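Work through the exercises below with the sequence and the structure in view. Each task is followed by a stepwise solution.

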Amino acid sequence: MATGPTHEPDCRCRICGSSVREFFDFGMQPVANGFVSEEQLGQESFFRLSVGVCTNCTMVQLTQEVPRSTLFHADYPYRSSGSAIMREHFESFAHSLLHEELSGPDPLVVEIGSNDGIMLKKVSDAGVRHVGVDPSAAAAKVAAAKGVNVRVEFFEESSAAAIRDEYGPADVIFSANTFSHIADIGSVLNGVDILLAGDGTFVFEDRYLGDIVAKNYFDQIYDEHFYLFSVASVRTMAARHGFELVDATRLPVHGGSVRYVLARAGSRPTHPRVELFLRDEDGNGITAMETLTRFGENIDRIRHDLVTLLRDLRARGKHVVGYGATSKSTTVLNYCGIGTELIPRICDSTPEKQGTFTPGVHIPVTPPETFHDPFPDYALLFAWNHAEEIFEKETEFVRNGGEWILYVPRVHIHRPGSLPVVA
Ligand code: DWN
Ligand code: SAH
């Protein structure tokens, strides 16, 4: 619920140590990627999911940390290659990396959070030295099977030192949707400082606070997403560790992300768009308490409207299923109190998730084929960040009279032919 400008004196910023003001409290939530087997039902751990903003460095962050070993482990179910749009995105990035930052003699790139090797495979295929680092053993096994050199561990100071000892300095350290997942971010930046070559770059991309607030992407708030970065908060954090933010570019993936480039202070020129970005953020007041409180009110409005719609459809005997058992869906389902009485199953293309039950509300996750057999009357799209790809894939569902329900930026029925509102 929107908590408004409350002050939790015991909550200290993990970046600068100042006090953090909570602006939204989702209550007790299960682990977002904690999909459970029948035997594990009822054995889940819960934590209080609440989010606040630092009164000093403006970093938006969770007020409670879930131990990293609970979040990321051998059976972590997410696979980066689960969508064509992300495969294209990372292959295109790897291509640009190979022709720019990695075009020198005997370059080295290290990826933090390499998952199933979606980006490093192209680097490996090009014969360029690389190291993937990821504690999720099953995902790392998929990467290794593609020929990616991967270390199954958490990236931190100690592992960075070991990589430097074995391979030497890295020209590029890359991380996508991972850096913001690490509460002890100082250990990562210290590790980057140990491993990175003098004129190297640390390039990372994460979903953008500006889009989350502007488009009510409240389901991007869950245990793994410890930080919600803005350009201003990243620049401040970087400076505290001797780095400069030398570039920042918008990306369309995951509902809107930003790719940040850090370099050692004075080692690279800063692109003028960083200043433009900062001015834009300041003008929009994306970390102002008034903005964040309004965001909280929008979350509660979406909860009301979504539950009202689903109850109405059930009362009218309509068949509704979920599409995409995302980590994000855990926040939606548990905060809105939506269970099998409203959504009897969720279809998902990830083999590791099929046959499990969603965290907390225990909705069965079924293979994609069950979506067509028979088609439901409505499909609630949890994987809204892949809407275009999914709408193209499921045209028969709409031809058959089916309708998509989306809940961001507000609850609505998607009209065929129109661009997904979330784009
Ligand atoms: O930040 C994170 C991002 C990168 O991935 C991690 N913290 C965890 C994870 O978040 P997510 O689970 O919300 O990511 P996605 O990419 O929105 O998940 C999409 C889900 O939908 C996957 O389980 C695959 C599924 N899917 C599907 O069933 N049919 C996806 C597509 C494209 C499809 O056609
Ligand atoms: N980069 C991929 C995967 C993102 S999911 C993508 O953008 O699709 C987050 C990944 O980070 C998971 O595979 C998780 O196991 C990994 N991870 C979490 N903490 C980590 C750490 N300290 N070092 C390396 N990988 C980490």
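## Exercise 1: ligand 1

An oxygen atom of ligand 1 lies 2.9 Å from an N or O atom in the side chain of Ser327. This is a predicted model, in which local features need pLDDT of at least 70 and side-chain atom pairs count only at pLDDT 80 or more, while totals for chains, interfaces and linings use all residues. Residues are numbered from 1 along each chain as its sequence is written, chains are lettered from A and ligands numbered from 1 in the order in which they are written, and side-chain values use heavy atoms, with hydrogens and water left out.

Solution. 
- Step 1. Take a nitrogen atom of ligand 1: an N or O atom in the side chain of Glu224 is 2.7 Å away.
- Step 2. Take an oxygen atom of ligand 1: an N or O atom in the side chain of Tyr78 is 3.3 Å away.

## Exercise 2: position of the ligand

Task: say why ligand 1 lies between domain 1 and domain 2.

Solution. 
- Step 1. Find the shell, where a residue counts if one of its heavy atoms lies within 4 Å. There are 26 residues around ligand 1, and Glu224, Lys328, Asp348, Lys353 and Lys393 come nearest.
- Step 2. Assign domains, with bounds from an automatic or database domain assignment. Domain 1 (80–281) and domain 2 (290–414) both give residues to the shell, so ligand 1 lies between them.

Key:
A polar contact is a pair of N or O atoms within 3.5 Å; within protein, one must be able to donate a hydrogen and the other to accept it, and residues adjacent in sequence count only if both atoms are side-chain atoms.
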